[in-house]
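Hello,

The model we talked about is below. My notes on the sheet and the salt bridges follow it.

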Amino acid sequence: MPNYEVALVLRAMSRPEIITTLKRSAESIFSKGGIIRKIENLGSGDLPYKMRAHSLVHRQGSCFVVHFICPPTAISVLEDEYGRDVDIVRRTIFKQEVLPEIECTLDEEMQPPAYRKDVQKMIEDSKKVIKKSEKHRFKYNTGLDYYPFQK
């Protein structure tokens with residue numbers, strides 16, 4: 001199952017109401033067969049601009065990011081549920097891309113360039129290209145010891 005994250009903007013509420021809203025949103029993920037990995041609180045305060053939701057204008061709110069794993073078929077259902085929740089002002093679900101692991105050691109990076117494996121491989125590749133270009137060099141078939149035309 002792929003990793004997702006949902007960015008939630010909740011309306012201005014007291015702390016117990018925020019907790020019940022987060023529990024409700026988490027239970028909807030659990031009911032779809034998802035697993036929550038992490039919940040981040042980005043804080044509460046003034047919103048960057050006024051937002052309209054459920055025929056109300058909101059100028060203050062609380063922002064949360066929920067990282068979860070869920071089947072792809074449940075995402076549209078989650079968006080629909082969050083859209084109908086009157087406590088959620090904005091919701092956006094993103095799919096997290098898995099980044100490839102890069103192995104890098106400091107010892108290898110601190111070596112002079114001539115001793116690094118990747119530089120040595122580039123030098124070997126350039127020698128192969130030079131050998132290929134020598135095969136296609138023009139040969140004069142005049143039979144003379146010199147080139148009769150000025151070079």
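Sheet and salt bridges

Four strands make up an open sheet, in the order 2-3-1-4, with antiparallel pairing. Strands (E, at least two residues) and helices (H or I, at least four) are DSSP runs numbered from the N terminus, and two strands pair if DSSP finds at least two bridges between them. Strand 2 (35-53) and strand 4 (88-95) are at the edges with a single partner strand each, so one side of each has no neighbour in the sheet.

This is a predicted model, where local features need pLDDT of at least 70 and side-chain atom pairs pLDDT 80 or more, while totals for chains, interfaces and linings use all residues. Residues are numbered from 1 along each chain as its sequence is written, and side-chain values use heavy atoms, without hydrogens and water.

Strand 1 (residues 3-11) runs antiparallel to strand 4 and is joined to strand 4 by seven bridges; Val6 has Ile93 as its bridge partner there.

The whole structure holds seven salt bridges (a side-chain nitrogen of Lys or Arg within 4 Å of a carboxyl oxygen of Asp or Glu). One of them pairs Arg11 with Asp87 at 2.8 Å, N to O. These two are 76 residues apart, Arg11 in strand 1 and Asp87 in the loop between helix 2 and strand 4. Arg11 is partly exposed at 26% relative accessible area, whereas Asp87 is buried at 10% (buried is under 20%, exposed over 50%, partly exposed in between; 1.4 Å probe, protein chains only).

Within helix 2, Arg84 and Asp80 are four residues apart and form a salt bridge of 3.0 Å, N to O.

Regards
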